[in-house]
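The sequence and model come first, followed by a few terms and then the parts of the chain.

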Amino acid sequence: MTEVVDVRDDQRIQRDVLAELAWDARLQPNEIGVTVDQGVVTLTGFVDGAARGWAATRCAQRVRGVRAVADEMEVRLPGTPGRTDAEVAIAAMRALEWDSFVPAERLDVTVANGWLMLRGEVEFGWQRRAAEGEARRLDGVRGITNLIEVRPASPPVAERLRRDVQRALSRTLGGERVTVEVDGDTLVLAGVVRSWWERDQVERVAWSAPGVRVVHDQLLVGG
């Protein structure tokens, strides 16, 4: 029996990325340019906020065959008067306070020229990701620098942590395509995943483990 391998060329990937951008109602696809070189997608053009830039990147990552995404889009806020930095900062703090899973009282927000910076400490890595997700959706944000530190309440037991994360990944993805190594409170992820969605799920699982302060992602995305 002959095995048929679906090799996705750059032109096909480009068409699919453009179609995915057009499919996402959050975007104006005509404003975003797409080039592909050996599975690496480069996005160019202009978006009116960090949220749309992030959405465009996620669109490209969803397409099968994409190995990496280079974000070269420029954020240009609308010409009409928008939110001031103070208003963006207030909106960000309120968004964090409304999220019951984020310890907003332990976080600080500063905004300069539409660029939002998050500082503070959380106990879990998923709380750091959640805080950035809340801030990213806000109108008037050009970009985000996430300096929130993860400081677990207690150090993990290395072998138990490795085993628990490996089991969680098996429940989510199946198989043993991802390996997990533990060095103190640091997780090292290696292996090959089939898509950026799978890579994001692996990171989500890793950051959800108690006692983890740092995650080193060495995963490869296979076509």
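## Terms and basis

Two residues are in contact when they have heavy atoms within 4.5 Å of each other. Helices (H or I, at least four residues) and strands (E, at least two) are DSSP runs, numbered from the N terminus.

The model is predicted: local features need pLDDT of at least 70 and side-chain atom pairs count only at pLDDT 80 or more, while totals for chains, interfaces and linings use all residues. Residues are numbered from 1 along each chain as its sequence is written, and side-chain values use heavy atoms, with hydrogens and water left out.

## The chain as a whole

The chain has six helices and 11 strands. Its C-alpha atoms fill a box of roughly 65 × 50 × 20 Å, taken along the principal axes.

Of the 223 residues, 40% are buried, meaning under 20% relative accessible area, where exposed is over 50% and partly exposed lies in between (1.4 Å probe, protein chains only). Among contacts with a separation of 6 or more, 63% are between residues 24 or more positions apart.

## Helix α5

Helix α5 covers residues 158-173, 16 residues in total. From first C-alpha to last, α5 reaches 22 Å, close to the 22 Å expected at 1.5 Å a residue; the expected span is 1.5 Å times one less than the number of residues.

The buried residues of α5 are Leu 161, Val 165, Gln 166, Ala 168, Leu 169 and Leu 173. They lie on the same side of α5 because they cover an arc of only 165 degrees around the axis, the arc being that of the directions from the helix axis to the C-beta atoms. These buried residues pack against β9 (178-183), β10 (186-193) and α6 (196-208). Just after α5, Gly 174 has a positive phi of about 80 degrees.

## The nonpolar core

A nonpolar core is a set of buried Ala, Val, Leu, Ile, Met, Phe, Trp, Tyr and Cys residues joined through side-chain atoms within 4.5 Å. The largest one has 60 residues, and Val 17, Val 41, Leu 116 and Leu 118 have the most contacts inside it. Helix α3 (residues 85-98) gives the largest share of this core, six residues.

Leaving out residues up to four places away in sequence, Leu 118 touches Leu 96, Val 109, Ala 131 and Ile 148, among others.

## Val 150

Val 150 belongs to strand β8 (residues 149-150). Val 150 is buried, with a relative accessible area of 4%. Beyond its neighbours within four places in sequence, the contacts of Val 150 include Val 122, Phe 124, Trp 207 and Val 212.
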